[in-house]
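Biologist: Could you take me through the side-chain contacts of the model shown here, one question at a time?

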Amino acid sequence: MKVSKGVDGVSDSRGPLNMLMRRGAMATVAIMFLPGAAHAVADDPAKQKDKIDKQIVTTQGDLDAVSTQLRNAVNALAKTDAQLVTAGNDLKAKNSQLTTANNNLASVNSQLKIAQGDESRSRTDLTNINTAQQRTKKLVGGVARQSYMTGGLGTFDLTLQILMSKKDPANTMSMADIIMRQQNGVLTTLAGQKASKTATVNRLGAATRRVAQLKVQAGNAVTSATTARNNAQTAKNRLDALRRTQSNQKASLEKQKRADLNLLAWQKGESRRLGKILIARAAARAKAAKKPAMAVPRANEAAGTARAPVNGNGFLNPPAPINQIISPFGMRNNPVLGIWLLHAGVDYPMACGTPIYASAAGEVITASYEPVAGNYIMIDHGFVRGVNLATHYAHLSRFVVTGGAVSKGQLIGYSGTTGRSTGCHLHFGTLNDGQLVDPMQWFR
């Protein structure tokens, strides 16, 4: 059987009720205790305290619910913040990629302009070479034809100039031959330049085409990087909007929690005030009646149904050995609310179905169920040591008694894990004049 390590909700409240009911009840309680409103309700402090105690149960339940929602909201916000960090880094990376792509495109555009300019200049040079080559061909061809047709140096005018010249005709003829050879040399040079320039133009044309292809690729890279950047920005914007919503929800829940805590503090204070009034009245009645303290029942009372004391020497018999208590009476961090609250009882690790016995003789005044304590029994033990004593047994799996008188050590029910509980165990509490106190004082 599963045995709990003692995490329950009875220690801090009597269980959550409907939040809407609490809102209406808050107004009722506020009116009840406003100055001048005392005569609008019953003057009986016991009834007033009973009402305020029920409001405490309801407020505590709402506080449980709000705290759970707040914890979930905090976790969701933390998750969104982590996603925002990732989204921000992704957007930063995508912007960097886009910048790199744009820079690359700009560089390729510059390279393309340079390549196109070089190719254009080379084509112009090639055109000039072709023109010079054609002109030289005509000159050389003209001289050659004239020489062939006249059988000499060319025209009559050229021959007359050579014969009338004071220079040696042989030298003049040599000069003409040299000019023709130079023209042929120029033609040869131009042919070489044309071949070289044609190769250059072809090479530059290929380079221009390669750069143009690079420009297309760079443009595609910019388009892809822009799309990726826009998607990353959209994702981050969506997370920013989600975070604003979650942050507003968290702030609203924190405000509600503070309001519930303030209301709970006021209600508990009012309950203590009314409790003191009841204590004073009980003491006055006891003094007036000179009522003796309830005698401790004999150990063999109700033979056959009673259990011998475990290890206590006080008025109450502990439900189990004291050294088995795993969660004592006192302040602790509430596992649901995440705040420090009073654990108003002691927890025993008991397997489900373990018999539970009455700690003292008394009268069963309640055997019922509520969301936090689960199945619970309340036993009134009467006026003991100057106070009205009662015991509280919570998280029971089932009842054996539901009312009437019981003897010390009598079987009253079986342990369980009903209500707000993490596993099978018994929550045991004691009340002095309606106030929850440490049960240890009654075990000694």
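Biologist: Is Cys424 buried or exposed?

Modeller: This is a predicted model, in which local features need pLDDT of at least 70 and side-chain atom pairs count only at pLDDT 80 or more, while totals for chains, interfaces and linings use all residues. Residues are numbered from 1 along each chain as its sequence is written, and side-chain values use heavy atoms, with hydrogens and water left out. Buried means under 20% relative accessible area, exposed over 50%, and partly exposed in between, with a 1.4 Å probe and protein chains only. The relative accessible area of Cys424 is 4%, so Cys424 is buried.

Biologist: Which residue forms a disulfide with Cys424?

Modeller: A disulfide is taken as a pair of cysteine sulfur atoms within 2.5 Å, and the structure holds 1. Its two sulfur atoms are 1.6 Å apart, and the partner of Cys424 is Cys352.

Biologist: How many residues apart in sequence are the parts that this pair ties together?

Modeller: Helices (H or I, at least four residues) and strands (E, at least two) are DSSP runs numbered from the N terminus. Cys352 lies in the loop between strands E3 (346-348) and E4 (355-357), whereas Cys424 lies in the loop between strands E9 (411-415) and E10 (426-432), so the separation of the parts tied together is 72 residues.

Biologist: Why is the pair of Phe315 and Trp442 edge-to-face?

Modeller: Rings of Phe, Tyr and Trp (its six-membered ring) pair if their centres lie within 6.5 Å, and planes under 30 degrees apart count as stacked, over 60 as edge-to-face and the rest as tilted; by this rule the count comes to 3 aromatic pairs. The ring centres of Phe315 and Trp442 are 6.1 Å apart, and the pair is edge-to-face because the angle of the planes is 65°.

Biologist: Which residues form one aromatic cluster?

Modeller: Tyr393 and Phe428 have ring centres 5.2 Å apart and planes at 65°, so this pair is edge-to-face. The pair links distant parts of the chain, with Tyr393 in strand E7 and Phe428 in strand E10, 35 residues apart, and both residues are buried. The one cluster is formed by Tyr393, Phe428 and Phe443.

Biologist: What is the phi of Asp433?

Modeller: Most residues other than glycine have a negative phi. Asp433, found in the loop between E10 and strand E11 (435-437), counts as buried at 11% relative accessibility. Although Asp433 is not a glycine, its phi is positive, at about 50°.
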